[in-house]
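Work through the exercises below with the sequence and the coordinates open side by side.

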Amino acid sequence: NILSISSSAAAEDGTAVCNAVPLSEQGWMPDYSNISDTPWYRYRALIKHIVIQDGVEYIGANAFNGMQNAKGVYIGADVSGIGSGSFASCTNVETITFYGDAPAMDDSVFADTAAVVAYPADNSTWNDSALEFFGDQASYAPYEEEPPEVPEPRYNPFADVKRSTFAYDSILWAVENDITAGLTATTFGPNASCN
């Protein structure tokens, strides 16, 4: 599942993508003194990718602190600042991809988070002083041409196919590959017999 943060209004959907919108029109996310105050807190165990879309300028303090199941973080080109502890203790994050200039941040932003940090090559803001905030646990790798792709959310049109459904991944794979379309546009019938 993907947590996608944008500066435009969107609805929450815990089964596929959670679009949380705590942002003003300027694209500033508030700081959180307690991680349980974040709008996505109840989805924490489901989130595998955190995507900060273009248009977001600031990521709030403690916004994603301790997200244990997150594997990838993708930070849009407009982010110019990241609040303290935003991605601290995200111990399973494998990659952090930046699409713009090095944002202003301190050494607590990615505390206890070891990952491969990817950033645009030939961008002078990504220098030694910017990279030191990731600490000794991270490694760095500029990308030369095309930036790594942002993962796409898996769309689930079926009200009767929840994440807990025994064949959730198989059903959505079959729909994505045009093998089936379900019983109707919004129902699949996961317990119905199949010819």
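**Exercise 1.** Determine where Thr-187 is found, whether Thr-187 is buried, partly exposed or exposed, and how far Thr-187 is from Asp-160 in space.

Solution. Thr-187 has a relative accessible area of 27% and is therefore partly exposed, given that buried means under 20% relative accessible area, exposed over 50%, and partly exposed in between, with a 1.4 Å probe and protein chains only. As to its place, Thr-187 is found in the segment after α2, where helices (H or I, at least four residues) and strands (E, at least two) are DSSP runs numbered from the N terminus. Finally, Thr-187 and Asp-160 are 27 residues apart in sequence, while their C-alpha atoms are 5.8 Å apart in space. Before going on, note that this is a predicted model, in which local features need pLDDT of at least 70 and side-chain atom pairs count only at pLDDT 80 or more, whereas totals for chains, interfaces and linings use all residues. Residues are numbered from 1 along each chain as its sequence is written, and side-chain values use heavy atoms, with hydrogens and water left out.

**Exercise 2.** Carry out the analysis for Pro-190, and state its distance from Asp-160.

Solution. Pro-190 also lies in the segment after α2. With a relative accessible area of 17%, Pro-190 is buried. The C-alpha atoms of Pro-190 and Asp-160 are 7.4 Å apart in space, and the two residues are 30 apart in sequence.

**Exercise 3.** Describe the overall order of helices and strands along the protein, and state what share of its residues count as buried.

Solution. The protein has two helices and nine strands. Read along the sequence, these follow the pattern β-β-β-β-β-β-β-β-α-β-α. Of the 195 residues, 45% count as buried.

**Exercise 4.** Which residues of helix α2 are buried, and how are they arranged around the axis?

Solution. Helix α2 spans residues 168-176, and its buried residues are Tyr-168, Ile-171, Leu-172 and Ala-174. They cover an arc of only 155° around the axis, which puts them on the same side of α2; the arc is that of the directions from the helix axis to the C-beta atoms. In general, an α-helix has 3.6 residues a turn, so residues three or four places apart point the same way. Just after α2, Asp-178 takes a positive phi of about 55°.

**Exercise 5.** Examine the loop between β6 and β7 through Ser-89 and Cys-90.

Solution. The loop in question runs between β6 (81-82) and β7 (95-98), and Ser-89 is found there. Although Ser-89 is not a glycine, it has a positive phi of about 60°, and its relative accessible area of 25% makes it partly exposed. Cys-90 is found in the loop between β6 and β7 as well, but at 1% relative accessibility Cys-90 counts as buried.

**Exercise 6.** Locate Asp-122, and describe its backbone and its exposure.

Solution. Asp-122 is found in the loop between β8 (116-120) and α1 (128-131). Its phi is near 60°, a positive value in a residue other than glycine. With a relative accessible area of 83%, Asp-122 is exposed.

**Exercise 7.** Where is Pro-142 found, and how far is Pro-142 from Thr-97?

Solution. Pro-142 is found in strand β9, which covers residues 139-143. At 39% relative accessibility, Pro-142 counts as partly exposed. The C-alpha atoms of Pro-142 and Thr-97, which are 45 residues apart along the chain, are separated by 9.5 Å.
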